[in-house]
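Me: Before I rely on the terms used for this structure, I would like each one set against its rule. Could you take me through them?

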Amino acid sequence: MPFVEEIYDIAIVGAGHAGCEAALAAARLGFETIMFTVSVDSIALMPCNPNIGGSSKGHLVRELDALGGEMGKVIDKTFIQSKMLNESKGPAVHSLRAQADKQDYTREMRSVLENTDHLTIRQAEVTEILTEEYESKRRIIGVKTYSGATYKCRAVVLATGTYLNARCIYGEISNPTGPNGLQAATHLTDSLIANGVEMYRFKTGTPARIDKRSIDFTKMEEQFGDERVVPFSFSTDPDSIQKEQVSCWLTYTNERTHEIIRANLDRSPLFSGAIEGTGPRYCPSIEDKVVKFPDKERHQVFVEPEGIHTNEMYIGGMSSSLPEDVQYAMYRTVPGLENARIVRNAYAIEYDCINPRQLNATLEFKNIDGLFSGGQFNGSSGYEEAAVQGFMAGVNAARKLQGKELIVLDRSQAYIGVLIDDLVTKENREPYRMMTSRAEYRLLLRQDNADLRLRKIGYEMGLISEEQYQYILWKEQAIEEEIERLEKKTIGGNEKVQTFLEKHNSTLLKSGSTLAELVKRPELTYKELAELDEERPNLPEDVQVQVDINLKYAGYIKRQMQQVAQFKKLESRKLPADFDYNTVKSLRLEAVQKLNMFKPLNIGQASRISGVSPADISVLMVHLEQLGRK
Amino acid sequence: MVNTDTIAAIATAMGNSGIGIVRISGDEAVEIADRIFKLKGGKEKLADKKSHTIHYGFICDGEEVIDEVLVMLMKGPRSFTAEDTVEIDCHGGMLVTRRILEAVLKAGARLADPGEFTKRAFLNGRIDLSQAEAVIDVINAKNEYALKSSVGQLRGSVSKRIKDLRDKIIFEIAFIESALDDPEHISLDGYGEKLMGVVEDMGVELCKLIKSSSNGRVVSEGVKTVILGKPNAGKSSLMNVLVGEDRAIVTDIAGTTRDILEEHIYLQGISLNVVDTAGIRDTDDVVEKIGVTRAMSAAEDADLIIYVVDGSRDLDENDYQIMEFIKNRKAVVLLNKSDLDQVVSVEEIMEKSGHAVIAISAKKESGIDKLEEEIKSLFYEGEIDFNDQVMITNVRHAQALREAYDSVLMVKRSVEDGMPEDFYSIDLMNAYEKLGLIIGESVEDDLVNEIFSKFCMGK
């Protein structure tokens, strides 16, 4: 007879980046939370690349931090190199990326979890979700582990990452394990299928790790971190994290590398058909790159430290599932790696995940009340993508128990909103990676203003302190007042002004101009103009940055705000959750099928579903109006 | 109210009505009308006027007066859509009505979607609930029609040119975006200069397309007109006179026009889509035989046939065949070569063809005015049917082309101003979307697919 070990409010299945954020959010909101993992030692593991952030992923981390998540704080404590990417481009695409000390990262996150009230960590494989019939739907009542123990709870967040029925493959070798040889979870899929969940099978991969002592760095280009490090977290004092950084190294593949790969393609499980899962296009294996881009003479290889307590180096750009002997031969053609000793082989990993269109934008399953999910289990890829979903799922699981309205960030509020909206409304057949081009309002969704966009929402969630909240209110006002002052302040073309303009290669003034007009000139900045601005108040750096950007790009920002206003109107037209679109006469058949499948929350979402035409949307609006009047 | 942006469209059927009405509805309706409407003698604005009043004045495009009009002002909610509404009553005729609509769009309105006025009227409570089904039907019917004419009428060559342009644009966006997403693999150094050349070419191509769209060449708009006549009767000369350029090959040797030529001309505000065919006659020449067959089949579904008779030569079998063919069709008969000695009998032609005869000389360009008058009267008396949806499509396309062109100019300016590269892709994407409207393709996942297929990304 199964025994009830304990009763909890919320159970989190998995302790990766999604699981950690979900567990912390739920516990911090006061709910008794239990987090299951197949190995406590693998909490917050980084099984692939040793970095956090990067283009658009850096945005996700900043947004998560603004809402009250943990990832930004942990990487600020454990980074060993940091860089602001795209600094020469516009502010919207500046993005932070830090090299992590993987072990430190894991240890730090584990320590935070272990010291959070209401949070229990349990090493066990969850094999079943327990549900009951409730108001013609199923609803969560608990989970069961491999030993037969059941844990009663009212909400579950699934964050199983790449562990479900995982299989690691290189050459003819195929091991039924999760990443790094960790135990896979082999039972949960059956329980999900029994509960009507539709599963996908995805694939990803990782390169070899090579012993630092066997690498000749003199043949590579050294890559340094930034001189002044910008923290990820809005709560981290920048001065506190300036430290000695380690270098990464750049080298290249060459024709010989490619010849070896081509000669051994028949031994690659990717091409022989041994791998059935769908892999991501944005991080292709080196054999993929060589096949897809035959004209490219060389590919970049980034050699990055896995930490400061280890000699292992990550060989970025050369993930592979070729056999061991081919891997050796291939890596050793690369300048600096001629004598490379492999510590861990490169491999591809296949795993079960879900078709995320079964989820609402709240990350709750449409058909199973109280069941939430996040991370790679939802068909995404990347630590950052996982973390933000885990966080949103954790918060919404808690809100569900609080009886509060669940929170959905929309596409105009955050990259998090874009990510989740894409997952739940678009046909997604590969692990989904965040990209800056996916955010149509990206000029507004900058990493520098994530706090202004989201702190208040974090406060409403209950994960942002009163003090942090008050600061944002003050900051908003300070920015507004300063812009207003600059717009009113006129200066004439006196000698001092003209000399200043000449020095900065800027057109001289013929008549008076406001300071705001001068900030708008591409060649001038708010900071530099302090020289001409005697009454300038003493404002913190982050306020100054906002003043500069908001004035400089005012035209573009205004245009995007107008687009957002249109978007919001459609987004605010809610659609009934259990609406049967078959009852709407005149909708085209394809639209009916798609709408019944996706069950969009509002007209805006409906309009983004492929196969739903503008005419269908018109018909739908007329129909809704009709229902409203009846 | 869901959409409060301001929309405009032509509210009357085009062609066979003496008055054309352009309707504007939405928050900015009055403001937009004021931008192009000059009240008679006044410095006053419509905005200052009372609701439900009529005003006399002129619609202007810049300095140029397009038409003398009456403007009706109806402020919401007391209008069909319950929104602020302005109706411009003009002198009708396709060209003028269309130009006024274009001026309204230029001044800031958006071309209404099919059935959109009705939809707004319903959503704003102006139409009774019992009519909801009918409203849906209107929207559906109009959309279907618009969709058919929008893509179906697009000429193959134009469609291909727009596709090529879009391919070029999306390639550049994908390149920029790949570099932004993966700055360590792909560099944008010196890219602005290269892009400058590319957008300049795009600008030139868009200009050409805009020009041809204002000539009505983007879609096959207008009255399908076929010129028939035996070889060397002067069909091509007539065509050249009408078109005003040496478009058809004209020689004295019978049978020199072997391909079907097609031209768009505006005649007294009527758009004619003129097809010139090889002369109809029995022939053993294989090439010409194909031409003749085509001529007959082209004439088969024409809205209007212009039959050219050579007045200086006797009627032959070809002429009798044609006269029989046009007997119960809409046609104009021209007796050409009036400058030479006439040998045919006007009475016989009138009797056999069932149509009046106009004497002209294509060579001397005499009598052409009478032809224009005749076509005009046929048109306005409703004898010629005409697909007005096609014209709307053309306006829509022209608008999209102009917007795409503006976006391309913005890219140029951004490069010149030294803006960061990520700003280029904002305007490039706008241009891409606008061009997509013309060929009926949306953006969807084009960009992401292009990035992955053209550029090697990632770790």
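Reply: A salt bridge here is a side-chain nitrogen of Lys or Arg within 4 Å of a carboxyl oxygen of Asp or Glu, and by this rule the count comes to 80 salt bridges over all chains. The model is a predicted one, in which local features need pLDDT of at least 70 and side-chain atom pairs count only at pLDDT 80 or more, while totals for chains, interfaces and linings use all residues. Side-chain values use heavy atoms, with hydrogens and water left out, residues are numbered from 1 along each chain as its sequence is written, and chains are lettered from A and ligands numbered from 1 in the order in which they are written.

Me: What makes Lys137(A) and Asp369(A) a salt bridge?

Reply: The closest N and O atoms of Lys137(A) and Asp369(A) are 3.6 Å apart, and the rule asks for a distance within 4 Å, so the pair qualifies. Lys137(A) lies in strand S9 (residues 137-145) and Asp369(A) in strand S22 (residues 368-369) of chain A, so this pair ties together parts that are 232 residues apart in sequence. Strands (E, at least two residues) and helices (H or I, at least four) are DSSP runs, numbered from the N terminus.

Me: How do you know that chain B and chain A are joined by salt bridges too?

Reply: The count between chain B and chain A is 4 salt bridges. In one of the salt bridges, Asp427(B) is joined to Arg559(A), with the closest N and O atoms 2.7 Å apart.

Me: How many residues make the contact, and how much area is buried?

Reply: Contact, meaning heavy atoms within 4.5 Å, takes 53 residues from chain B and 57 residues from chain A. The buried area, which is the accessible area (1.4 Å probe) that two parts lose on being put together, summed over both, is about 4,900 Å² between these chains, and carbon and sulfur atoms give 56% of it.
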